[in-house]
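Below are my notes on the model you sent. They are set out as numbered points, to be read alongside the coordinates.

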Amino acid sequence: MSFSLYIHIPYCQSKCPYCDFNSHAATSWPEDDYTQAVIAEFRRRVEQAPWAGESIRTIFIGGGTPSLFAPASIARIIDEAVRLSGIDADAEITLEANPGTVDAAKLAGMRTAGVNRLSFGAQSFNSDILKFLGRIHGPDDTREAVRVAHRAGFERLNLDLIFAVPGQTLAGVRSDIESAVALQPDHISAYNLTFEEGTGFFADLKRGRIRQYGSDEQAMMYATVREVLPALGYPMYEISNYAPRGHEARHNLTYWRGESYLGLGAGAHSFARMGAGGRRWWNDRNPAAYINRATAEGIAEAGCEVVDGRTAAGEFVFLNLRLCDGFALVDFERRFGESFDTVFGARSAALFEGGLLIRERDRIRLSDRGLELADSIFAEFV
Ligand code: SF4
């Protein structure tokens, strides 16, 4: 069994007002110390089960803004991971990048470092929307970043888009999609803007400074995304993700399939499958505290929980239901030792009767209507 590795780089040039990730605005950052801390944590973790002796299937370097780091730092982390664990021949190695932080030399350096997939936070191609979102880049920065990435040899490239931004129109959503598709990425993610507690936008919303679109308007925008992207050659394969077959984000499939992943870095989460359940833990969120602990002890855990088999079964269902093809009943039974009907038959009956869940060819998946009500359906399995 190979595993997926997530590495969190928590620094950003500025904090976007909608962002609830563990990201910290900084004009300088302790890049060497942080890199060393991540390597120290990796060395310690891969001595232990279930990671010891297993090779790496995918690496995702996310943040924050990992593209602020020099390619040499990213290379140090990847080289050490490969040296200690080995890596599958076709491993996917993704770097998240802010279009405002890259140039030809940096992207060529990342390619040489071993990165073979980029994920650009484009968000929109409308300057006013980008300003409203607090982004440091403009539409032309994204266009240039993608051109440069293609020239540097990145064939696998994702663009993130955000819709239902206050002030955005349906035509604007469509136009953003068309602008993204014109750049010929092999993968597009489109997320509905959310207003999470603790963000600047959440405070603005509470004070009445901005207005959130109502659920009907948001549903119309989501329907537009689901209609336009497939029509332009990007079939939907997950609630927020679109790509031709074979171009799915393999690292993220690890999460949606409920498989094990090792997270390194400030605030990173990990999940190790054990029997039908598993163990989940998360690191200290503060970058300075993380550096100190990981460097000194190789461990920077801030908390953990044991996931029992029943809880893991619920998580398996709602994570897999994010995928358009859902999950195979036989996979559920093989993993949890009981049939889906035995564990969730009573709880899911109304969802099937209401046409929100579909059972077809021994698989279970969400219907189109179910996609729109996904969050409330997932809550049924928690
Ligand atoms: S660049 Fe990304 S991680 Fe950083 S603050 Fe903005 S949304 Fe958050």
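1. Helices (H or I, at least four residues) and strands (E, at least two) are DSSP runs, numbered from the N terminus. The model is predicted: local features need pLDDT of at least 70, side-chain atom pairs count only at pLDDT 80 or more, and totals for chains, interfaces and linings use all residues. Residues are numbered from 1 along each chain as its sequence is written, and side-chain values use heavy atoms, with hydrogens and water left out.

2. Overall form. The chain has 15 helices and 17 strands. For 382 residues a compact globule would have a radius of gyration near 21 Å, and the chain, at 21 Å, agrees with that. The radius is taken over C-alpha atoms, and the globule rule is 2.2 Å times the number of residues to the power 0.38. Along the principal axes, the C-alpha atoms fill a box of roughly 55 × 50 × 45 Å.

3. Cis peptide bonds. One joins Ala49 and Pro50, with omega about 0 degrees; Pro50 is in the loop between helix H1 (31-45) and strand E4 (56-63). Another joins Gly63 and Gly64, with omega about 25 degrees. Gly64 lies in the loop between E4 and helix H2 (71-85).

4. Ligand shell. Gly64 is also one of the residues around the ligand. By class the shell has 5 nonpolar, 5 polar and 2 charged residues. Ala, Val, Leu, Ile, Met, Phe, Trp, Tyr, Cys and Pro count as nonpolar, Asp, Glu, Lys and Arg as charged, and the others, Gly among them, as polar.

5. Backbone at Gln123. This residue, which is not a glycine, has a positive phi, near 70 degrees. Gln123 lies in strand E6 (residues 117-123).

6. Helix pair H11 and H12. Helix H11 (residues 309-320) packs on helix H12 (residues 329-336) at an angle of about 160 degrees, with the axes 11 Å apart. Axes are lines fitted to C-alpha atoms over the stretch in contact, and angles run from 0 to 180 degrees between N-to-C directions. H11 and H12 are therefore roughly antiparallel (over 145 degrees). The contact (heavy atoms within 4.5 Å) involves Gly309, Ala312, Ala313, Phe316 and Val317 of H11 and Asp331, Phe332, Arg335 and Phe336 of H12. These contact residues divide into 6 nonpolar, 1 polar and 2 charged.

Conventions:
A residue is near a molecule or strand if one of its heavy atoms lies within 4 Å of it. Angles under 35 degrees count as roughly parallel, over 145 as roughly antiparallel, 65 to 115 as roughly perpendicular and the rest as oblique.
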